[in-house]
Each structure stands twice: as structure tokens, then as C-alpha cells.
Amino acid sequence: MKSHYEKVIAFCCFLLIFCNVGLASTSFNVYQPYIVALPGVGDSAGSVVIGVRTFMSLVCMFIVVRYYQLIDCRLGSFIACLFSAASMVVYGFAQSFPVLCIASALGGIGYGLGGMVCTTYLINRWFKTDVGSAIGVAAIGSGVASILIPTTAEWIIRTFSLSVSFWAEAVLALAIGVLTFALLRNYPKDLGLEPYVNPKWLQKHRDDVVHVEGREDVPVDHGVDLPMGPHRAFIIACVFVGAVCVCSSNFLSVLLVSEGYDHQFAALMLSVSGLVLTVGKGAMGKLFDVLGGMRGTLIALATFILGLVLLVFGAMGNIAFVWAGCVLYAFGLAIGSTGIPIWSLHFSTPEKRVKTVRTFQTGYAFGSFGFSFVPGVLKDALGSYVFSYTVMIALLIVAAGIILATYRRYQKAV
């Protein structure tokens, strides 16, 4: 086991994403129809509850680098899991809008401190090759949560109560925190190991490795130092991607319910999209490793856009479009978890890597926060969530243009 401990690290990253991203965000939309139905909440206030979580995760993006300088990834991720567990405990007691906001804030802290920034740090330390695949394995965590949690939560709510469902997730989050704390190690050197290098990769790329005294041959770490203009444009693209990825998943169930579909069908669609998302995250990491950043991004975003278009038409009464839209949208949604860390690695030099990961992830978090208030407000103003999804499609098209243009310009360097 020790000689292949990078697999344990990838598994721990999977669990961290399951807990801090999957429970707090990806699968949480199963609760949204119940939250907006609470006395004194409604659609606009329901959007604010989500906005509080995304705001806190955005705030964490400004401190997460310093956080992991003061506290190592092992302890830091455990604390993040405690925040996620505390969030679910408070949700279980919440019967008013202010208490819902407190619970949401705690979940946002767990998301921001224990999400993709932490796992990207760990994977970048433990893997020199197959980075995309490792990130894909980690990102599957939120997809698995979106498969298992919606139908399970729906059953627990019907059988017991909404509070019991939240408290069960709190116990699960605490268990994950304890397990990952027991297994995680911050650096390969903590176990007397070197970062993982795929032997097959070495055989094919002998000219792309350097020998370091006292260590095995390791790959040269390439990256693009983007000029200020393209760098800022890419941040804007990350903002738009964050807005669409987070809000499209958070409001999917309430979109379907508000357009006449029942809660059970909405939960089923969440589980279906969660299954596809899980497969998509694993496949997308491999897709980036095999086809490269530009082609992988093109396939992901094109699928994402088409899926959202079908969901918009399906929500208005075509159940076949809903099924097709959920499948395509969920596969493209994987770009939110795999794309940001991979783009950060491609468009940064080793010296600027930590800062770039934080910057792109901050843009993603800012987009999710800034847009989280829009769906509820548009629903109250115009009578449907369909208008918000139409805006999401437009944002994603603009983001795709920026990202693909950047790849095309710097393709050789990447």
C-alpha cells in the first residue's frame, strides 16, 4: 500500500469533495423546493440562502492560501469537514430564514476550505503525471453525492422528516472528516516516497524529463505565463463558468417542480444527472490527459450548452427533452470540478501555480455567488426559472469563446 499511496491520496480527495462540495452544493438542490416552501422564505429568499453559501465560499478563496500555509492540508481539510457537518446540524434545526442563512454560511466555509483548492494542492504534490485523471477521480466525489443523496434524502424526508435527513448527512460528514484525517499525508516525502510518475509516460516522453540528483527522472513542469490581458479575460470566463455550474445544479429541482413536475420526478432527475456527472468527471479527467486541454474543453462546454438548451425546452412540458437535457448537461457540468484545476495548471508557471489556482477558483466562486440571487428574483419577476437558464446559456457561450481562444493562442506552449 505504501508504494502506491498516491491512490490513497486520490481516494481521500474523492471523499473530501463528496463531503464539502457534494453535500453542501451538488446534491443540496433536492432540499431547495422544501426550503422555498417554508413559511417566510419563498423563491427570492431561497436564492439568498444559496447566495450566503456561495458568498462564504468566495470569502474563503481570499484566505485559503494563507489558511493552508498556517495549517497543513491534513488538518485543514478535517476542519473543513467539521464546518460541513455543523452546517447540516443547523439546517436540521432551521425553521426560519435567519437560521437557514447561518447553516448556509457554515456550509460555504466547508466548501471553500475543503473543496477543489485543497485537493488540487494534494494532487499536484503527489502526481507528476496523470494529473487530469487524478483530479477527475477526486471530482467524482460530488457526482457520487448527487447520485446517492437526492433519492435517499427524499426517502428519509417522506419516512421521517426533513430534519432527520439533514442530521444523517451531518453524521456522514463527520465520519468522512475522521477517516480522511487518519489516511491523509501532506507530501510524498512524509512516507519516504516520490511523486507518482506513470512508467508508460516515461517510455514515450524520454525527451521531456530531467534527471534530479538523488531522485528518479521526473517530467518537466510546463505551463504558460499568461499576459495580463488574457489572464483577466480567463478570470472572467471562470466567473461565468462558476455562475452556470453552481446555479444550474442548485436550481434544477425547483425548476422542474415549478414547471409542474412532481418532487419524486425531480429527485429522480437529480440522481440521473448525478450518475452521469460521476461518469463524466472520471471520463473528463482522462479526456484532458488524452486529447489535451483545448479539445477536452470544447467537448465539455459544447455538451453542457446543448444540455441546458434541452432542459429549457423540456421544462416547458417535453419530458423526453428533460431526460436528454439532464444527461448532456450533467456530463458537461463536470467541467466545473475538473476544468478549473486543469486550466490553472496549464495557464501558470510553477512559480505562480498556487496563486493561479486560487485566482481562477476565486473567479469561479465569485460567479456562483453573484448569480445565485438571480434565479429567485427572475422567478418572482417573470414567473419562471426558464429565463434564468436562458441567461446561463448565454454566459456559458461567452466563457467557451474566451477559454477556447486562449487555448488556441497558446496551444503549443500548453
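Me: Buried means under 20% relative accessible area, exposed over 50% and partly exposed in between (1.4 Å probe, protein chains only). With that in hand, how many residues of helix 15 are buried?

Reply: Helices (H or I, at least four residues) and strands (E, at least two) are DSSP runs, numbered from the N terminus. Helix 15 covers residues 335-346 and is mostly covered, with 11 of its 12 residues buried. Among the buried ones are Ile-335, Gly-336, Pro-341 and Trp-343. A note on the model: it is predicted, so local features need pLDDT of at least 70, side-chain atom pairs count only at pLDDT 80 or more, and totals for chains, interfaces and linings use all residues. Residues are numbered from 1 along each chain as its sequence is written, and side-chain values use heavy atoms, with hydrogens and water left out.

Me: What is the mean pLDDT of the chain, and where is it below 50?

Reply: pLDDT is the predictor's confidence in each residue, from 0 to 100. Here the mean is 85, and 93% of the residues reach 70 or more. Over residues 207-218, the pLDDT is below 50, although this stretch has 20 contacts in the model beyond near neighbours in sequence. Contact means heavy atoms within 4.5 Å.

Me: How should I read the overall fold?

Reply: Start with the elements: the protein chain has 18 helices and two strands. Its radius of gyration, taken over C-alpha atoms, is 20 Å, close to the 22 Å that the globule rule gives for 414 residues, so the chain is as compact as a globular protein of that length. That rule is 2.2 Å times the number of residues to the power 0.38. The C-alpha atoms fill a box of roughly 65 × 45 × 35 Å along the principal axes. Buried residues make up 59% of the 414. Of the contacts with a separation of 6 or more, 81% join residues 24 or more positions apart.

Me: Which residues of the largest nonpolar core touch the most other members?

Reply: A nonpolar core is a set of buried Ala, Val, Leu, Ile, Met, Phe, Trp, Tyr and Cys residues joined through side-chain atoms within 4.5 Å. The largest one has 132 residues, and Leu-252, Phe-304, Leu-308, Ile-335, Trp-343 and Phe-347 touch the most other members. Helix 1 (residues 5-26) gives the most to this core, with 14 residues. Ile-335 touches residues including Cys-245, Met-284, Phe-304 and Trp-343, leaving aside those up to four places away in sequence.

Me: Is Asn-29 buried or exposed?

Reply: Asn-29 counts as buried because its relative accessibility is 2%. You will find Asn-29 in the loop between helix 1 and helix 2 (32-36). Asn-29 and Ser-253 are 224 residues apart in sequence, yet 6.2 Å apart in space, C-alpha to C-alpha. Among the residues that Asn-29 touches are Ser-249, Asn-250 and Leu-270. Ala-24, in helix 1, is another one to look at: it counts as buried at 8% relative accessibility.

Me: What does the side chain of Asn-186 reach?

Reply: The Asn-186 side chain reaches the backbone nitrogen of Arg-74 at 3.0 Å. Asn-186 lies in the loop between helix 8 (162-183) and helix 9 (199-204) and counts as buried at 10% relative accessibility. Its touching residues include Asp-72, Cys-73, Leu-122 and Trp-126.

Note on methods: Polar contact = N/O pair within 3.5 Å; in protein donor to acceptor, adjacent residues only side chain to side chain.
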